[in-house]
Amino acid sequence: MAKTQGIVRLRGSIDGVTYTEGIYGRLSRSKSSLTKAKMNANPKFDTLRLLQSELGAYSKFGALLRSGIKTELARIKSYRGVQRLNKILNQLKNEDTVNRLGQRQVSEGLVSPKGKALLNGFDFYGKSSVYSLLTKNFSIDETTGETSILNFLPMYDLIAPRTATHVAFKLVLLGIDGSDLLVQNSRSAELYFGLHDAAFDLVLTPESPPDAAAFHFYLVQIVFYNEINGFKELIAYDSAALSIIKIV
């Protein structure tokens, strides 16, 4: 895709060329001469058609995953969330050793440790991540879903923005069944506290663990606030995180 350097700012399509503006500047792209009819008629595109079928499958899995955290995604704008997630899911379905090309599934790729590792740590906001903000790791009780850090000192164990006075933690536990396109979620209460130097046990407990599902995704949300006279303002969007910390 070309970048335009001229002073004329065009938007829309002219003579088969589409002009847009985004985070990478002003871009122009010409329409491809390849049509769906041509592709279907040419056997050279058989592999491409199989890959397109897989794209539809892993895009649905990504949409299913995002649907379980709609509340958290509505609060803070995600940076290229769909594109970043689909890129990883594309790699993840390649770990499916059960199905043939054109039928590979994310759910089969997630069975392997390598598949889980590809998605583990993914941050939906895209500017930071939970473990880039913490100096300690969470412990997880897979029976109850309880997620905790013992002897947590906010002033020292959390890398907070300079303007932040308070922080909020929340756990979202998702039960995902990719084959049946089902998702269940269970959230903990939001734990809100000041950035002090007094140690305490940070414990996030979901309301109830999801019912039996193929996979359980543990996500932690961290957002920072500036509290003045009892009023709290959400700040430092680039430091907010909503990350997958474990998949079981």
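Both E72 and R187 are buried, where buried denotes a relative accessible area under 20%, exposed one over 50%, and partly exposed a value in between (1.4 Å probe, protein chains only). The model is a predicted one, in which local features need pLDDT of at least 70 and side-chain atom pairs count only at pLDDT 80 or more, while totals for chains, interfaces and linings use all residues. Residues are numbered from 1 along each chain as its sequence is written, and side-chain values use heavy atoms, with hydrogens and water left out.

E72 and R187 are joined by a salt bridge in which the closest N and O atoms are 2.7 Å apart; the term requires a side-chain nitrogen of Lys or Arg within 4 Å of a carboxyl oxygen of Asp or Glu. Because E72 belongs to helix α3 (residues 70-75) and R187 to strand β8 (residues 182-187), the pair ties together parts that are 115 residues apart in sequence. Helices (H or I, at least four residues) and strands (E, at least two) are taken here as DSSP runs, numbered from the N terminus. A network of salt bridges links E72 and R187 with K170, and by the rule stated above the count of salt bridges comes to seven.

Another of these salt bridges is formed by the side chains of D157 and K136, at 3.4 Å from N to O. This pair also links distant parts of the chain, since D157 is found in helix α8 (residues 154-157) and K136 in the loop between α7 (130-133) and β5 (139-140), 21 residues apart. D157 is buried, its relative accessible area being 8%, whereas K136, at 25%, counts as partly exposed. A further salt bridge connects E142 with K246, with 2.8 Å between the closest N and O atoms; E142 is placed in the loop between β5 and β6 and K246 in strand β13 (residues 241-247), so that distant parts of the chain, 104 residues apart, are linked. Both partners are partly exposed, E142 with a relative accessible area of 44% and K246 with one of 28%.

Strands β5, β6 and β10 form an open sheet in the order β5-β6-β10, with antiparallel pairing, two strands being regarded as paired if DSSP finds at least two bridges between them. The edge strands are β5 and β10 (200-204), each of which pairs on one side only. Two bridges join β5 to β6, and I140 stands opposite T147 in β6.

Strand β6 (residues 147-152) also contains N151, which has a positive phi of about 55° although it is not a glycine. Most residues other than glycine have a negative phi. N151 counts as partly exposed because its relative accessibility is 44%. A positive phi of about 55° is likewise found at N229, which is not a glycine; this residue is situated in the loop between β11 (215-228) and β12 (231-235) and is exposed, with a relative accessible area of 73%.

For the protein chain as a whole, eight helices and 13 strands are present, and 37% of the 248 residues count as buried. Among contacts (heavy atoms within 4.5 Å) with a separation of 6 or more, 66% are accounted for by residues 24 or more positions apart. The accessible surface, computed by the Shrake-Rupley method with a 1.4 Å probe, comes to about 14,000 Å², of which 52% belongs to carbon and sulfur atoms.
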